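This report is meant for a reader who is meeting the structure for the first time. Please keep the sequence and the model in view while reading.

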Amino acid sequence: MTQNGQYNFAYLDEQTKRMIRRAILKGLAVPGYQVPFASREMPMPYGWGTGGVQVSAACLTADDTFKVIDQGADDTTNAVSIRKFFERTADVAVTERTSDASVIQTRHRIPEEPLSEDQILVYQVPIPEPLRFLEPRETETRKMHALEEYGLMHVKLYEDIARHGNIATSYAYPVKVEGRYVMDPSPIPKFDNPKMEMAAIQLFGAGREQRIYALPPYTQVVSLDFEDHPFDPSKADHLCALCGAEHTYLDEVIVDDDGTRMYVCSDTDYCATRRAEGHTGTMGTPFTEDAA
Amino acid sequence: MTPLLQVKDIAKFYGNRIGCTDVSFDLYPGEVMGIVGESGSGKSTLLNCLAGHLAPDAGQVFFDTREAGLKDTVTMSEPERRMLGRTDWAFVHQHARDGLRMGVSAGGNVGERLMAVGARHYGDIRAQAVDWLDRVEISEDRVDDRPSAFSGGMQQRLQIARNLVTGPRLVFMDEPTGGLDVSVQARLLDLLRGLVRQMGLSAIIVTHDLAVVRLLADRLMVMKDGNVVETGLTDQVLDDPQHGYTQLLVSSVLQV
Amino acid sequence: MIKIENLCKNFVLHNQGSAVIPVMENAHLSVAPGECIALIGASGAGKSTLMRMIYGNYLSQSGSIVVDGVDVATAEPREILQLRRDTLGYVSQFLRVVPRVPTLEVVAEPLLNIGTDRDAALARARDLLARLNIPERLWALSPTTFSGGEQQRVNIARGFAHSFPAMLLDEPTASLDATNREVVLTLIEEAKARGAAIIGIFHDEAARARVCDREVDVTGFTPAKAA
């Protein structure tokens, strides 16, 4: 029971959490396979991370430290409200520091800082089925997964090249897990794809679509491509204007009515940490506690 | 010679109603067989049973597989059957939109079967797609257009290219010229005939158009109420029909 | 080469009170390689019916039609198809082709069907079209738009493209001018010389006298009108 005694720990009842944990364990046992689960109505709209929230609720213990990021940022509405939600319903410690967190719920990014074996990364997934846009029938896509018929996935990439001259898919870039299941990595930028072979456990929750899937630590994750158009985890060709980093995923920000742009790290915690260490970009000011 | 396809006592029922029953025949490599009959005669049901789209209630359909010779496709595993469906078999639907991905470019439509069997070189896939579009008389500059921008005849030709790109040995066609203008039909028939001969294809064509089978089919099977009432050489069945229904069918064709 | 024994044929008209019309009874015929036989008899006596039965176009009720060892009366469709492809040629009075196919291809098709090299097949087609006086500018066009006489000559060129060991000719010289008639008769003589067994229907008596070794009156095979 939480501080005000109105909710069970982490909002969901214990039976529901058990059900979700079973789905998570099955997902870990069959990496990349979409496990159906009985998604609950959550006190937030679909699209706000109901799947991720349910997975987080099933993972959290009272000793955990929780972090939420939305497009890399800890301070956007979505991140703040989910963090608050678990502060109130689970009374867990929260943090914005990637390295301090034991459970990190994310929307559309993987933190820049490498994660460790004692961390769990929970993704919010809007559409878990990578084949969906080309094959609308669920019965058919399930069969295609079961029989490893993944030619269609390459049709999508083919269409990209035919239309744009290169594989223009820049987020939700499909991957093949352990040489078996083709998986949608959620709408993370393709820049983050190589990071998915990591030490932490990765869990994916799709609330509206009622699917959970997972990657155990150090799972092989290969981005699909063509021999003559290999996968390229590109990003904007700039340095972070605040911390000067050249190896991070950047957000493009228009700063005035003349269209002047600045590029900044999308991972706010990473950028702040670098600035605290003394790195400064072209538009950055030396770090002070309130400058972030 | 081993038949390519050996059909034994296929039956399919819809509840009490007969879809088709007691159908048996052998199809040899290079042969084109027509199945004619009016709407509801069971010819499409039969075709779908043969092509693995419907599970027959009785009977066997043996196909001469490359690896293991004659094998019953009714009892083989689904992955195996689906593999046949994208390698050795082809299915040309009456409505091109049932057989094409309307949201995918012409090149992607043709390339899909190649990618489904493991092609991973974009340049090669595209080159093959262009080559096949050319064979079905679609110019190269349409390779990136979607089928929704094509005429009915072009869509049908695209569907044929998409099906034949992996070099199948058996093509199922369900009213391939249905709903097309007469002039477009002629072009399509000519194309199909040429491809059948060049590639040594075997084909089973379901149609109600006797002119189509006369031009394309070596052999003919006439169906009525789910039963085969007459079989034989196409010109023999059409010129000297033996069964009353076939006589009626042949005499009902309007002369031009 | 061609041997017919005890051949009978009825037409049953199921949609006209199942009327049974016997059209042939106990037909006998034998043609040796290099021999040309003319079928004679009044119109409706069954000359064309017999030809069609030999070609497998009409079914037989009983008896046998052995062509090069294959009994057409009982053969499987694919056996008949193979016979037609390799052994038994048929020049009918009417040309039936897929629209849009160029004349040259129409003529070369029987050769292409038996796997002849494309260049050789087209060369033979050109040769025959030239001999039959089809203007070269028409070769690339579909014969569907040609005049009746031109269509007939295209049909003959197609029929003679492959050197069939057995041939059926249905009025090959009808409505041809003297020059082309001469060409066709020469083609028939050449075929005989290379050993083809030929059965023909000729209304042209002079032509018949020139190329045919024997005449067979099909009236003898017509069932008595007693029925």
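## Basis of the report

This is a predicted model, in which local features need pLDDT of at least 70 and side-chain atom pairs count only at pLDDT 80 or more, while totals for chains, interfaces and linings use all residues. Residues are numbered from 1 along each chain as its sequence is written, chains are lettered from A and ligands numbered from 1 in the order in which they are written, and side-chain values use heavy atoms, with hydrogens and water left out.

## Which chains touch

Two pairs of chains touch, and the pair with the most contacts is that of chains B and C, where contact means heavy atoms within 4.5 Å. Chain A and chain C do not touch, and their nearest C-alpha atoms lie 34 Å apart.

## Chain B against chain A

At this interface, 22 residues of chain B are in contact with 21 residues of chain A. The two chains bury about 1,900 Å² between them, with 55% of it on carbon and sulfur atoms; buried area is the accessible area (1.4 Å probe) that two parts lose on being put together, summed over both. On the side of chain B, the residues that lose the most area to chain A are Arg82(B), Arg120(B) and Tyr122(B), which together make up 38% of what that side buries.

Between chain B and chain A there are five salt bridges, a salt bridge being a side-chain nitrogen of Lys or Arg within 4 Å of a carboxyl oxygen of Asp or Glu. The side chains of Glu140(A) and Arg82(B) meet in a salt bridge, with 2.9 Å from N to O. Helix 2 (78-86), helix 4 (106-116) and helix 5 (122-135) of chain B are the elements that give two or more residues to the side touching chain A, where helices (H or I, at least four residues) and strands (E, at least two) are DSSP runs numbered from the N terminus. The largest share of that side, five residues, comes from helix 4 of chain B.

## Chain B against chain C

Here 24 residues of chain B are in contact with 27 residues of chain C, and the area buried between these chains is about 2,200 Å², of which carbon and sulfur atoms give 51%. In chain B, Arg197(B), Leu233(B) and Asp240(B) lose the most area to chain C, together 26% of what that side buries.

Five salt bridges are found across this interface. Glu109(C) forms a salt bridge with Arg193(B), the closest N and O atoms being 2.6 Å apart. Among the elements that each supply at least two residues of the side of chain B that touches chain C are helix 7 (182-199) and strand 10 (227-233) of chain B, and helix 7 gives the most to that side, with five residues.

## An annotated region of chain B

An unreviewed UniProt entry lists residues 5-250 of chain B as "domain: ABC transporter"; the positions are given in the numbering used here, feature names are shortened, and annotations may be inferred rather than shown by experiment. Over residues 5-250 chain B is 39% helix and 26% strand, and the end C-alpha atoms are 28 Å apart.

## Two residues with positive phi

Ser186(A), although not a glycine, has a positive phi of about 70 degrees. The place of Ser186(A) is in the loop between strand 7 (181-183) and strand 8 (201-206) of chain A, and Ser186(A) counts as buried because its relative accessibility is 0%.

Tyr218(A), also not a glycine, has a positive phi of about 60 degrees and is found in the loop between strand 9 (211-215) and strand 10 (221-223) of chain A. Tyr218(A) counts as exposed because its relative accessibility is 54%; buried means under 20% relative accessible area, exposed over 50%, and partly exposed in between (1.4 Å probe, protein chains only).
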